[in-house]
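Please keep the structure in view while reading the points below.

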Amino acid sequence: MTLARAFADQAISCGRLGSPFMQQLLSILSENWPEDSALAAKFAAFSGDIGPAGHSLPLRLAGGLHALVLTDRAPALAALYPPSRVRDNALRKGVLDALAAHEAFLLDWVDSPPQTNEVRRSAALMAGAAVVAQHSQLPVVLSELGASGGLNLMWDHYALDLPGGGPGTAAPVVRLSPEWEGSLPPTRLPVVADRAGVDLNPLDPQNPEDLLRLTAYLWPDQPHRLAMTRAAAGVMTARIDRADAIDWLEQRLDATPDGHLHLIQHTVAWQYFPAEARIRGQALIEAAGAAATHNRPLAWLSMESEGDVHAAEGAALVLRFWPGSITLRLGRADFHGRWIRWQGSV
């Protein structure tokens with residue numbers, strides 16, 4: 001894949017996910033990439049998939065440009081960003097000027113892959129956790145694989161606002177209102193006694209530089225996502241360990257105390273684990289499930305892609321529960337949590 005094609009494909013994807021500004025920005029970069037720049041040389045050195053399933057070079061650069069705007073490093077560029085709406089010619093000039101003027105910052109920024117923490121995915125997690133609570137009333141030990149900044153570990157501080165009611169705390173810091181199709185989920189969330197996550201590159205939302213990374217990769221014409229992320233960051237208390245997810249999970253499974261339900265969750269993360277890690281992880285979870293008891297049950301809640309063939313249908317929301325080896329296909333959810341098609345049952 002050429003870089004121009006990667007920019008163009010990402011532009012189309014962003015447009016489909018409700019960001020006309022990102023579609024405009026990435027289309028401009030696709031057609032006007034400065035081939036003689038140090039950034040171009042750095043990107044040319046990447047091998048393998050440079051698109052969204054690989055190195056995600058277009059989103060790395062877009063995040064760097066947004067970081068310039070959020071930190072007031074580039075006021076001329078900021079004037080062209082949402083809520084302003086400008087023509088292609090004006091945005092093209094502003095972006096190319098920023099690429100040249102802030103090349104050193106951007107060269108450093110793009111060393112790291114994109115990292116977001118989409119809080120709206122907690123809507124699906126909350127609905128799934130409410131189903132878990134119908135199977136067991138024990139307090140929960142919550143573990144998240146690919147946790148990023150841990151914001152989706154804090155779903156018991158949020159509310160799922162649905163016509164007719166939904167699960168959540170009485171004083172939520174975030175209100176989630178996805179387009180909902182299907183029957184309503186249960187309304188009672190389990191009590192979280194302990195929560196922790198793992199990531200190869202965990203970010204601390206309490207650290208201003210890490211919070212900048214989390215917010216810069218949100219799309220500039222979607223300020224509601226920015227507001228949710230900042231609000232969720234304010235209550236983030238979970239421990240996020242820097243480790244291999246499956247190695248960490250093995251130790252976490254062994255440490256779950258009696259009288260607690262261990263709930264494993266992950267959203268759009270499993271697909272990025274190496275194939276051998278996915279095989280090992282599933283085997284570990286199923287072995288722990290086989291040993292689960294009513295006083296030490298296990299639940300595995302996932303919101304994951306089922307491959308390109310189902311990409312337009314969103315991610316599959318699946319809950320497995322032990323003892324009993326119960327598998328519930330709860331429905332499907334938009335990758336950014338904009339909508340949920342619920343078919344959950346107990």
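A crossing of two helices is called right-handed if the near helix is turned clockwise from the far one by less than a right angle, and left-handed if the turn is anticlockwise. With that convention, H4 passes H9 in a right-handed crossing. The model described here is predicted. The points below begin with this pair of helices, then turn to a second pair, and end with the sheet.

**Helices H4 and H9**

- The axes of helix H4 (residues 57-70) and helix H9 (residues 208-216) come within 9 Å, and they cross at roughly 120 degrees.
- An angle of 65 to 115 degrees counts as roughly perpendicular and one over 145 as roughly antiparallel; H4 and H9 are therefore oblique to each other.
- On the H4 side, the contact is made by Gly63, His66, Ala67 and Leu70, while H9 contributes Leu212, Thr215 and Ala216.
- Four residues of the contact between H4 and H9 are nonpolar, three are polar and none is charged.

**Helices H2 and H6**

- Helix H2 (residues 20-31) and helix H6 (residues 88-101) have axes that come within 10 Å and cross at roughly 65 degrees.
- This angle makes H2 roughly perpendicular to H6.
- The crossing of H2 and H6 is also described as right-handed.
- H2 brings Phe21, Gln24, Leu25, Ile28 and Leu29 to the contact, where they meet Asp88, Leu91, Arg92, Val95 and Leu99 of H6.
- The contact of H2 with H6 comprises seven nonpolar residues, one polar residue and two charged residues.

**The sheet as a whole**

- Strands of a sheet pair through backbone hydrogen bonds, in either a parallel or an antiparallel sense.
- In this model, nine strands form an open sheet with mixed pairing, in the order E4-E11-E10-E9-E8-E7-E1-E5-E6.
- Strand E4 (179-181) and strand E6 (239-242) are the edge strands, each of which pairs on one side only.
- From one strand to the next, the twist averages 20 degrees.
- An example of parallel pairing is given by strand E5 (residues 192-199) and E6, which are joined by four bridges.
- Within E6, Arg239 is the residue that stands opposite Ala196.

**Helices packed on the sheet**

- Is strand E9 buried or exposed? Eight of its eight residues are buried, so E9 is largely enclosed by the rest of the structure.
- One side of E9 carries Ala315, Leu317, Leu319 and Phe321, and the other carries Ala316, Val318, Arg320 and Trp322; both faces are covered.
- E8 and E9 run antiparallel and are joined by seven bridges.
- Leu298 stands opposite Trp322 of E9.
- E9 also pairs in the antiparallel sense with strand E10 (residues 326-333), over seven bridges.
- Leu317 has Gly331 of E10 opposite it.
- The hairpin of E9 and E10 has three residues between the strands, and in this hairpin Gly324 takes a positive phi near 110 degrees.

Technical notes
Residues numbered from 1 in each chain as written. Predicted model: local features only at pLDDT ≥ 70, side-chain atom pairs only at ≥ 80, totals over all residues. Heavy atoms only, no water. Pairing = 2+ DSSP bridges. Helix = DSSP H or I, 4+ residues; strand = E, 2+ residues; numbered from the N terminus. Axes fitted to C-alpha atoms, helices over the stretch in contact; angles between N-to-C directions. Parallel < 35°, antiparallel > 145°, perpendicular 65-115°, else oblique. Contact = heavy atoms within 4.5 Å. Nonpolar A, V, L, I, M, F, W, Y, C, P; charged D, E, K, R; others polar. Buried < 20%, exposed > 50% of the residue type's maximum accessible area, 1.4 Å probe, protein only.
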